[in-house]
Every structure is written in structure tokens, then in C-alpha cells.
Amino acid sequence: MERLSFDLACPGAPAPRAPPVVVGVVASGNLEVLVEPGAAPGTCRVEVATSARGFREIWSAVLDDFAGRHALSGLAVSVNDAGATPAVVSLRLDQAVEEYLGGAR
Amino acid sequence: MSDRGIRARHSYREATARRRLAGLLDEGSFRELLGPEHRVTSPHLAALDLPAAFDDGVVVGAGLLLGEPVLAASQEGSFMGGGVGEVHGAKLVGLLERAARERPRGVLLLLDTGGVRLQEANAGLVAVSEVMRAVLAARAARVPVVALVGGGFGCFGGMGIAARLCDAVAMSEEGRLGITGPDVLETTKGVEELDASDRALVWRTYGGKHRYLLGEADRLLEDDLEAFRTAAAELLRVSARPLDLEELEREHRQLGRRLAEFGGAADASEVWRAAGVERPEALPLLEAPEFLRAVAGARRGGR
């Protein structure tokens, strides 16, 4: 297990507040993503617990891309990962934010 | 394409624990208790440096089923095989105790589990025994408890016992119910006893159809969320199974008869033949409605 945390710089208006959302399951090659309001405006805090050690740089790249796709200011994202590939991680992150923002409407 | 009209079918087996609850209960009615944002996770998995799940693999809460208030729990089989750890078990127990206190219309247990989570050893064993006691306590408070078994991980170990402590069990053919699962059986008793890689044999032995025919499952359903929803509502309306000595003795007599009748059978298909099913070899291939017609006169017990 490795625990990683990232503070993504997220310019722009804060994301709307909505009930927390969890998507995915902690199963082999999969992960769960919890999105909730939390971080200070202008940032998005991401906490990752992963069973695969030594992938900080890849997580960082995937999360930077993620921050480029969505307005995440003020959100907190928590991940429990059981060895998902970067593509799966990206899809789950997108799914989680879309469901969270859907709940804000 | 059939000419009977097309209805969207949503697989119960393929759905996640959360999706199953959403499909089973009235739309938008589910309110989770101790949701993932509370992060009530397993201390044992953390000590073993294993990944946790924010809900410890079980979703519990309250909702409506056809407008009536129910409490419901749904196990996520793909997280650690649905294994019951200390926190997971405590969530189930807490829900059942709440039911005994608040007296909703019923409790639905969506079970998808290999039994005790081995990583949590004794804490998991204690948790499962507490679940059993809590099921009986809810029933003693006259709150019906219905188990639904249709996930990919079946319902095994102590949770197999817990399922049969409920007022009723609904299963799909894909669901499996037992105590000792196929792999454990093969490991301990040898491949001559049961070849766990023989999927047809495993489903004949543990699958919903066999359990229905023996009267251990009260409904045999298609792998369809809507079918589970309808059956759950119906089973809550059926009068609860009595919880007294008389009922226990009746069940024991029935088990005695089963042993006398089928004790010599080496395979489930022999049981089906002895029970009076005309073409037992065809049963595994039948869709649920045809299957129900084929075994109508052969079924032992159940409701």
C-alpha cells in the first residue's frame, strides 16, 4: 500500500456544493473514487491509497490531465485503488465528477 | 428479436451493490446510513496494509419499496469476495437492530458473499454470528427479513446460514447458496468429492434451481433487477415464517424426509429425477418460467 496526496491547482469559480458521490469498487484492476466538497477554493485535494507502489509520477500525470478536463476548484477527491490502469483511473475520475455535478443541479 | 416485445432487462448479477439497491427500491428513495463519506473502514485491513473500501463492502440504509418503508443492505461481492469483516458485519447488525426498534415493513438483505473475511479472522467470525442473532431478533420483533441471492459471488459460509435464517430467500439461477463453497470442498475433501472447475456441476449443486426445488429458495427468478424488486415486495407481503419450536420441529422432520428420499443421490440431477422431474437433464437449460412449470409438482417445501 502507498498513500499519495496531491494539491491540484484549479483556477476558476469554485465547483457547486453537492452531496458526496462514490463510484467504482475496490476490486482487482478497479478503484473507487469519492468526490465531496472540501478543499480551499483554487485547489482540489486528492488523496490516493493504492495497492501498487511506486507510481507517483503516473498518478500525478493522470491527475493533471483530470484537472485540465474539469472545473474542480474546492473539491476533495479520495481514491482507494486496487491496481487500476491509468485509463481506468481516468474514466472513473470523470464518472465521479460528472455524477457529483449531476447531483448539484 | 422475439415478437413478444422488448423490455429492457437489467442484470442483477452484473450490477454493483449500489446499483442493485437503486434498481430494487423506489426510484430516488434510498438514504444511505454511514455512507462512504464517513470512511468507517476496516482497521484490520489497514493493519495488514491492504486497500480498504470507504463503505467496507456493504451499503446499508432506508428506502421505499412500492411505497412502503424498508431497510436494506447490499454487499459488494467484488470487494474482497463480499467477505464479512468486523465493520461490514457491524453495519449489517446495526441495520437489523434498527429494524427491530423502528419496525419498518421489512428488511432486504442483498447477499453476495463468500462468508467470513478471512483477513479479519475471529473478528469476522464473531461478526457473522452477530448477524445471525440480529436476523432472528428482527424476526422476533415481527419484522420480516428477506434474503436476495443473485450476485456473482453467491452466498456461502456463515452468511449461507444467515440467509436461511431469514423469513424467505429469493434467488436467480445464477445465484448460489451453500455453506462450504466448491473450492473449499475440493481442497478439503478431494476432487472426487467435487470438481470445483466443473461449472455445470457447481451450479447444479449450489444454484438457484436446485435450492428452489429443495424448498430452500422461495422464489426462482430471472437475472433481472425488476424481477428481484417484484419478488422482494411480494415476499414481504407473504406472512412471516413462524419463529417457534413447532416450526423448527417441522423443518427437522422435512430434513429427515429429504435425507431418506435423496441421501443416496450422487448428483443433483439424481435428486431431481427422484423428486419426479420428467427430464432432469434439461432443467439447467430452461429459462425461469419454463423451469417453474417443469418442477411444479416435484418441489419439496418452500413457499
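User: What makes V77(A) the bridge partner of V46(A), and in which strand does V77(A) lie?

Analyst: V77(A) lies in β5(A), and V46(A) has its bridge there.

User: How do you know how confident the prediction is for chain A?

Analyst: The predictor scores its own confidence in each residue from 0 to 100. For chain A the mean pLDDT is 95, with 99% of the residues at 70 or more. Confidence in chain A is highest in β5(A), at 98, and lowest in helix α2 (residues 86-104) of chain A, at a mean of 95.

User: What is meant by chains A and B being in contact, and how many residues are involved?

Analyst: Two residues are in contact if their C-beta atoms lie within 7 Å. By that test, 14 residues of chain A are in contact with 13 residues of chain B. On the side of chain A that touches chain B, β3 (31-37) and β5 (75-81) of chain A each supply at least two residues. β3(A) gives the most, with three residues. Sorted by class, that side of chain A has nine nonpolar, two polar and three charged residues.

User: Moving to chain B, why is β2(B) called largely enclosed?

Analyst: A residue is called buried if 20 or more other C-beta atoms lie within 10 Å of its own. Six of the eight residues of β2(B) are buried, so the rest of the structure largely encloses this strand.

User: What are the partners of β2(B), and in which sense do they run?

Analyst: β1(B), residues 31-33, pairs with β2(B) in the antiparallel sense over three bridges. β3(B) is also antiparallel to β2(B), and eight bridges join them. G61(B) in β2(B) shows both pairings: E32(B) stands opposite G61(B), and G61(B) stands opposite A72(B) in β3(B). The hairpin of β2(B) and β3(B) has two residues between the strands, and L66(B) takes a positive phi there, near 50 degrees.

User: Which strands are the edges of the chain B sheet, and why?

Analyst: Seven strands form an open sheet in the order β1-β2-β3-β4-β5-β6-β7, with mixed pairing. β1 and β7 (219-221) of chain B are the edges because each has a single partner strand, leaving one side without a neighbour in the sheet. Neighbouring strands are turned by 25 degrees against each other on average, direction ignored. Further in, β4(B) and β5(B), residues 145-149, run parallel and are joined by five bridges; V107(B) stands opposite V145(B) in β5(B).

User: How do you know that the span of α3(B) is close to the expected one?

Analyst: α3(B), residues 86-102, has 17 residues and reaches 24 Å from first C-alpha to last, against 24 Å expected at 1.5 Å a residue. Its buried residues, including L92(B), L95(B) and L96(B), pack against α2, β2, β3, β4 and α4 of chain B. R103(B) follows α3(B) and has a positive phi, near 50 degrees.

User: Why is P284(B) called partly exposed?

Analyst: The cut-offs are 20 or more C-beta atoms within 10 Å for buried and 12 or fewer for exposed. P284(B) has 17, so it falls in between and is partly exposed. P284(B) sits in the loop between α11 (268-275) and α12 (288-294) of chain B. Leaving aside neighbours within four places in sequence, P284(B) is in contact with A200(B), W203(B), R204(B) and K209(B).

Definitions and conventions
Residues numbered from 1 in each chain as written. Chains lettered and ligands numbered in written order. Predicted model: local features only at pLDDT ≥ 70, side-chain atom pairs only at ≥ 80, totals over all residues. Helix = DSSP H or I, 4+ residues; strand = E, 2+ residues; numbered from the N terminus. Nonpolar A, V, L, I, M, F, W, Y, C, P; charged D, E, K, R; others polar. Expected span 1.5 Å × (residues − 1). Pairing = 2+ DSSP bridges. Axes fitted to C-alpha atoms, helices over the stretch in contact; angles between N-to-C directions.
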